[in-house]
Amino acid sequence: MTTTPGDTQNHDPNPSAAPPGLPIPVSDLEVKYTKIFINNEWHDSSCGRKIPVYNPATGEKICEVEEGDEEDVDKAVKAAKEAFQLGSVWRRMDASDRGRLLNKLADLVERDQLILATMETIDSGKLFLIAYFVDLMAAIKTLRYYGGWSDKIQGRTIPVDGEYFTFTRHEPVGVCGQIIPWNFPLLMFIWKIAPALCCGNTVVIKPAEQTPLTALHMAALMKEAGFPPGVVNVVPGYGSTAGAAIASHMYIDKVAFTGSTEVGKLIKEAAGKSNLKRVTLELGGKNPNIIFADADLDHAVEQAHHGLFFNQGQCCLAGSRIFVEETIYDEFVRKSVERAKRRVLGNPFIPGVDQGPQIDKKQFDKILELIESGRKEGAKLECGGSPWGDKGLFIQPTVFSDVTDEMRIAKEEIFGPVQQIMKFKTLDEVIKRANSTHYGLVAGVFTQNINKALTIASSLQAGTVWVNCYNAMSSQCPFGGFKMSGNGREI
Amino acid sequence: MSLTPGLYTQEGTQSPNQKSSGKISGQIAIDNRGTMTSSKIELPGEVKSDPAALMASLQLIPSPVPDLEIKYTKIFINNEWQTSVSGKTFPVYNPSNGEKICHVQEAEKADTDKAVQAARLAFTLGSVWRRMDASERGRLLDKLADLVERDRTILATLESVNGGKPFLQAFYVDLQGVIKTLRYFAGWADKIHGMTIPVDGDYFTFTKHEPIGVCGQIIPWNFPLLMMAWKIAPALCCGNTVVIKPAEQTPLSSLYMGALIKEAGFPPGVVNILPGYGPTAGAAIAFHMGIDKVAFTGSTEVGKLIQEAAGRSNLKRVTLELGGKSPNIIFADADLDYAVEQAHQGVFFNQGQCCTAGSRVFVEESIYDEFVRKSVERAKRRIVGNPFDPTTEQGPQIDKEQYSKILALIQSGISEGAKLECGGKALGRKGFYIEPTVFSNVKDEMRIAKEEIFGPVQQILKFKTMDEAIERANSTEYGLVAAVFTRDINKAMTVSAAMHAGTVWINCYNALNVQSPFGGFKMSGNGREMGEYGLREYSEVKTITMKIHQKNS
């Protein structure tokens, strides 16, 4: 295991060693917004409780934020419902002006890009440069993309039988409850609010309790951009209280959730038991990444590596089942292990670091427990397998070979830096094995053979298939899961 | 030609006894009804009733740039300013006083060749422009909109000085339309989707919407800047390159845009601007073998020549937005005062120089006399004068040729027996001003009921039944727009379904907006501009079919 040059336990967010040209994190970042945002105003929680927010790289507490629960959700829903009344400023606004507001918001995010990226790193442990170049850039692009759609959501006129004239109007659903995860706090916030606002809905959104800070900063930017009061309300809180209140609320017309399949089922159940609110879910995955012998090997190794280890492995789209054709299996494993060993862990603010800490103790323990199960069930631990460093929730990049389909590490979502490499012989076999899961989020295939690529692309039960690339997301493409990876599409 | 309405309605804005003198001390109401429809125009009508608010609003009214310097008078090719190959220049005039503003380099065939070469190079596979992300093309259009917003006063001043249109109309209608058009197509750039198609057999088929290539664009003088935006925005949104020729009367705002296009960061050769005349530069574009598509807005007469030239050269794609003699049908059950005002704005807007002008107003018999009386009253109240005067509703016609043609058509109306209710002659001052003119008792066979006048001349015709009005309204070779005023939903729907027109307005007129397609039936044009439909005219659809081993649904 290599370590970063210099003091990896030094968490000064403004390292003087930053190469020229790279963005520099904000030093002494002040966390300004820690309250509940309703009606464009900051509120204390009704219950008086606060949520402690930690820096996972150091384990230190950053601040406390107001804890929203059912009563606060009620207040937020009331505000959102009011903002959605017929005749309200928001309902009467030209669609093109809704687009302008989203574009203005994008401008403000661009202005505060350093602040937001710094905050994201402190709060979630993700690498600062990744936060800056990946999360923030995608956030800006998503806002601009939906800024452009707002006045292009067209109904149709329909040539019906009989003496009738029929046309359709695509109207907003109403108050949308949105519950987002901690792995891409800001980006998921944007993925949720941008389409909702583009279509003219109002929003009550709950960030994850681990990572509420950027969502609250966004609330301030939304007010500054000029969104009318009540259009977006941000309620930090826990899933079992605030989240459950959203899912069960009788005046929320639609709920959108990104998170685990387990909780996704609860959300859908709550919708059924309350008001049949519309539900979209973006859930877990155990995604196959299929490497044929004719692929560009080094490219495939690198892509498979990033496809799994990106964001500390904390991605619903992590390619955590790598199926490699028998003839290149050994070489692929060797190169993958080599690559994983070169991975640099450390302070997420330091350029050159590849991997930061996991988000919290619970995840950290779960990942280590799954690694242990892999060992016990007979997979070969090629590298890693243990915690790293003496501070913060770091886990060594871990690679397993000789993984078989029935092992837990081949079936369960690990959500950590643990790569499983399996062997296959034929195309038909690999299709069958790749599809043998109740998940169906994404899949990858690496081959230079166009027929193999297209056969795989059309055979896999997955919402997205990448050919000779991985994690190639863009705001223009739909994203979502088959089977138990979700309902509906985002973006 | 095109566009737009009574952004400036005068209802209640001055006392009825005021004469159209160009100077009033009364109020100004800038209604938000109109053009690029919008609910967001500052200076709301409410200020009319509150003197303090009125004063505040008056101070908010933008004013023209005094002694505007004309910076750009050359040919714009490859993001550079060039002199004409022939060495020729041509004079550009201010139609409100007939004075020369400046000389502009005159592009002809040789300059067109240079521009096309630059545009072709910019369109080469692997070029910066071809490899640019679609979303980045959108960002460039958005940046251009920001720059237009920044220089809005300068551009509105140019438009007013060079085109004779009232400054405030240029500022609020034309410039707003330009900004909205650029932003609208900015949003489309990364949303032009092809399809995957479930074809028979073991094949995989998908389509890509690719840019056509080099687009030649020829635009008129009635909305110089707005027509430029209507042309370049969809073309650039789809990834084409452009060679555009502004009208010889009004090249100044287009050339200024050249500078902004460069500043926004469009790569060299993507937009090239050729000031020049139709028979030389315009013809060179229409016939050019290196131009893949030509888009023209102007007269039907010239539109036919363009289509012919395309046929005789390389079968380039053609879109045309041409003339109109648009019917505006007023039923007896309509809100009369409202219909009078809309019909007035519908024909007089922009000195009557609109392809959309509602120049055949069909009025139901039972309200005919009252409609005529009120329309005449309204026309007499129309304020004609200096385009820089904030109270002016009507400026000069564009040039001597148009001015003489309009006066000749008015004469024909008189001699063919229509009743001249008001106006009918020149204003008797420097510049090409014509009095607001209303004819009643107009018959379908009169020239003023058949030919496009393109001036401030309103024809009011009488009808008895709906079927009759529909038949007469459709008895024209034109088919650009039509309107109907009624409170009866069945009449409205019947008329709108029966009209041979690309756009039908119900209880409104000139309600154009960037999101809706615009274009003509019959000899008013080919193709549509604006809206999603506008994208089709700037894309080639490519079908890609691939043999596969085995198909599965």
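**The contact between chain B and chain A**

Modeller: The contact draws 24 residues from chain B and 20 residues from chain A. Keep in mind that this is a predicted model. Together, chain B and chain A bury about 1,900 Å². Carbon and sulfur atoms account for 49% of that area. What about polar pairing? Across the interface of chain B and chain A there are 5 residue pairs in polar contact, both partners at pLDDT 80 or more. The salt bridge count between chain B and chain A is 0.

Now take the side of chain B that touches chain A. Three elements of chain B each give two or more residues to it: α4 (134-150), α6 (167-188) and β20 (539-547). Of these, α6(B) gives the most, with 5 residues. Sorted by class, this side of chain B has 11 charged, 7 polar and 6 nonpolar residues. So a salt bridge count of 0 sits beside 11 charged residues on the chain B side, with a salt bridge needing a Lys or Arg side-chain nitrogen within 4 Å of an Asp or Glu carboxyl oxygen.

Next, two backbone notes. A:Leu276 is not a glycine, yet its phi is positive, about 55°. Its place is the loop between α9 (261-273) and β11 (278-282) of chain A. A:Leu276 counts as exposed because its relative accessibility is 63%, and the cut-off for exposed is over 50%.

B:Asn78 also has a positive phi, near 60°, and is a residue other than glycine. It lies in the loop between β1 (75-77) and β2 (80-82) of chain B. Its relative accessible area is 30%, so B:Asn78 is partly exposed. That class runs between the 20% and 50% limits.

Last, a residue in a helix. A:Thr214 belongs to α7 (residues 213-225) of chain A. It has 2% relative accessibility and therefore counts as buried; the limit for buried is under 20%. Which residues does A:Thr214 touch, leaving aside neighbours within four places in sequence? They are A:Leu116, A:Met119, A:Glu120, A:Pro185 and A:Leu186. For a sense of distance, take A:Arg169. A:Thr214 and A:Arg169 are 45 residues apart in sequence. In space, their C-alpha atoms are 35 Å apart.

Key: Residues numbered from 1 in each chain as written. Chains lettered and ligands numbered in written order. Predicted model: local features only at pLDDT ≥ 70, side-chain atom pairs only at ≥ 80, totals over all residues. Heavy atoms only, no water. Contact = heavy atoms within 4.5 Å. Buried area = accessible area lost by both parts, 1.4 Å probe. Polar contact = N/O pair within 3.5 Å; in protein donor to acceptor, adjacent residues only side chain to side chain. Helix = DSSP H or I, 4+ residues; strand = E, 2+ residues; numbered from the N terminus. Nonpolar A, V, L, I, M, F, W, Y, C, P; charged D, E, K, R; others polar. Buried < 20%, exposed > 50% of the residue type's maximum accessible area, 1.4 Å probe, protein only.
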